[in-house]
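Thanks for making the time this morning; I would like to walk you through one model, chain by chain, and I will give the criteria as they come up.

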Amino acid sequence: MIRRIFFLFFIFTALAQAQLRIEIRQGIESPLRIAIPGFAGEPQLSLLLDEIIEADLANSGRFYAMADNELLSFPTQPEQVNINDWRITDTDYLLVGQLDSDSFENLRISFQLFDIVRGEQVLGFRLSSTVNNLRNSAHRIADIIFQELLGIDGIFSTQIAYVSESTRNDQAFFQIVIADIDGTNPFVVIESSEPLMSPAWSPDSRKIAYVSFENERSEIYVQDLATGFRDRVSFRQGINGAPSFSPDGTQLALTLSGVDGNLDIYILELDTQRLTRLTENYSIDTEPTWSPDGDYIYFTSDRVGNPQIYRVEARPRGQIERITFEGNYNARPRVSPDGDSIIVVHQFNGDYRIALVDLETRITQVLSEGQLDESPSFAPNGDVVMYATREQGRGVLSSVTSDGRIHQRIASIGEDVREPAWSPYALR
Amino acid sequence: MINFKRFILLASVFALFACSNVEETVEIPNADTSMDGADDNVSTQGMGERAPVTITTGGRLVLDGTDQEGSALSQQTIYFDFDSAEIRADFAEALQAHGAYLVDNPGARVRLEGHADERGTREYNIGLGEERAQAVRQYLMLQGASSIQIATISFGEERPVNSASNEMAYRQNRRVELVYTRAN
């Protein structure tokens, strides 16, 4: 029977979630120096715009946002820009902007980006916004600047889903939360007194699949984010685990043990509940994830005695091929958006680290530096990997660029956070 | 989504017409849903409304009256070595006592809850917890308990008894708990 939960009105409790806090632990040696003297316009709105753009660029580890006391002038129009003021202070880029606010519903944001070395404006942009959308517009501006200067799609308008564990009335309490990538606007998707695991985004960003133990066993739900509607898509006998949406959103790869008590990989067609078995092996086969072209499912199997990554063609009687050969423990794969590499949990000198494995050369590059690193997730631009780790007895999130150069730590106050899942680019 | 009866019908139709793929389209029966929590404990929201989905469950049934201080039957947690689902010799006596109890009490029901320590990945650790629970299940059945008396569940690393990241905590977390849901 499908359980349909209808919306009930509840008061949003302020103590539900703390915000995430981002710090750069290791940036690149010469970050780009960018100056943002301040948007002209209504002071509070302009300040918010400045702060978000600066924080986004600085938190990427690739920019240094110059402080006000390092600036010689504060142009608010492109005509006011004196290139020498910026050359003297070793500024690389200058952002000048204007915010016109006729009303809360009618904001017009214009900005011009100057390349100081070349001594000229390289970008001019105008966008409409509203007071409620100002945060999103700021993130979008940061994306545009990032893309223009680095040639990489920005991720400042994306979100992460993650699992949070805290204590309520002396008992463990679990939540799946979605926050903006800068840690703000946390939204509790679901909370429970029983464990929640394995959040996974649908490719259109509208749904989250996850594992819930609310009925005293593992079950997989798909929840619509706009309506809160929960669809219990798999509650088969035994284990239901590790849901992963196909690139077209119509299927879930998942782990089931129901037939013979042994964990294997299956594909579930969501509309029909048709189930296709992909592995049949006495080992633990789990943690399936799709390749971006939908042709393969990568998964963890300990069929040789310890966990390694395999892939199987995503069709009945698909061929199975082993992928990782380096090290004694490789698990929990995720494929890069370009399909060329996977990130895994890899045991390295006794530590559990995040490693990147090139699918063509099979070369393994260790990216992270912790002891209990797990649950890696690619940004949709393939440039950054977010993962979970433990520091000083608490679960925190960290990120590292896929070349291993920039490290970031994302802490939450008062709770354990883990299992980050980076949203796709699709906007709801 | 379709209900169970229609699923059977559709599956039969597939079986008739999809001859070459019939063994890949599988049916796995759903878990018994009679014990599901009440709907009024659950609430949902959408992003427009901002109230969380909240689920609360009652505490679980713990068997008493079978525990005598120091008796083998009072040992209701079995511990395991790292990366292993092998029943250690020092727990044989306890499991034999539980097996005997199940044989003597055909109405008794036990749930074996398997766990792993935090090292390694979460869903893989669900698998390790399950292997441990299955190992205890097989041991009990070798003592004569019947399969209908034993349910298994794995929590992987999700429900540690000790959340520290040291060897002692890991030893305490690698376990199967025998939770009786019916005494006899």
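This is a predicted model: local features need pLDDT of at least 70, side-chain atom pairs count only at pLDDT 80 or more; totals for chains, interfaces and linings use all residues.

**Helix packing, hairpins and a sheet**

Let me begin in chain A, where helix H1(A) passes H3(A) in a right-handed crossing, a crossing being right-handed if the near helix is turned clockwise from the far one by less than a right angle, and left-handed if anticlockwise. Residues are numbered from 1 along each chain as its sequence is written, and chains are lettered from A and ligands numbered from 1 in the order in which they are written.

Helices (H or I, at least four residues) and strands (E, at least two) are DSSP runs, numbered from the N terminus. H1 (residues 43-59) and H3 (residues 134-150) of chain A pack at an angle of about 45°, with their axes 9 Å apart; axes here are lines fitted to C-alpha atoms, for helices over the stretch in contact, and angles run from 0 to 180 degrees between N-to-C directions. That makes H1(A) oblique to H3(A), since angles under 35 degrees count as roughly parallel, over 145 as roughly antiparallel, 65 to 115 as roughly perpendicular and the rest as oblique. Residues are in contact if their C-beta atoms, placed from the backbone, lie within 7 Å, and the residues of H1(A) that meet H3(A) include Leu45(A), Leu49(A), Ile52(A) and Asp56(A), with Ala138(A), Ala142(A) and Phe146(A) among those on the H3(A) side.

Staying in chain A, how many of the residues of strand S11(A) are buried? For S11 (residues 207-212), 6 of its 6 residues are buried, where buried means 20 or more other C-beta atoms within 10 Å of a residue's own, exposed 12 or fewer, and partly exposed in between, with C-beta atoms placed from the backbone. Both faces are covered, with Lys207(A), Ala209(A) and Val211(A) on one side and Ile208(A), Tyr210(A) and Ser212(A) on the other.

Strands pair if DSSP finds at least two bridges between them. S11(A) pairs with S10 (residues 196-201) of chain A in the antiparallel sense over 4 bridges, Ala209(A) being the bridge partner of Ala200(A). These two strands form a hairpin with 5 residues between them, and Ser205(A) in the turn has a positive phi of about 65°. Another 6 bridges join S11(A) to S12 (residues 219-224) of chain A, again antiparallel, and Ile208(A) stands opposite Gln223(A). That hairpin has 6 residues between its strands, with a positive phi of about 65° at Glu216(A) in the turn.

By way of contrast, Asn349(A), in the loop between S23 (341-348) and S24 (351-358) of chain A, is exposed because it has 8 other C-beta atoms within 10 Å.

Turning to chain B, there are 4 helices and 6 strands, and buried residues make up 33% of its 184 residues. Its open sheet of 4 strands has the order S3-S6-S4-S5 (chain B), with mixed pairing. The edge strands are S3 (77-79) and S5 (150-156) of chain B, each pairing on one side only, and the twist averages 20° from one strand to the next. S4 (residues 109-115) of chain B and S5(B) pair in the parallel sense over 6 bridges, with Val110(B) opposite Ile150(B). Finally, helix H3 (residues 122-142) of chain B lies across S3, S4, S5 and S6 (175-182) of chain B, running at about 155° to S5(B).

Definitions and conventions:
Two residues are in contact if their C-beta atoms, placed from the backbone, lie within 7 Å.
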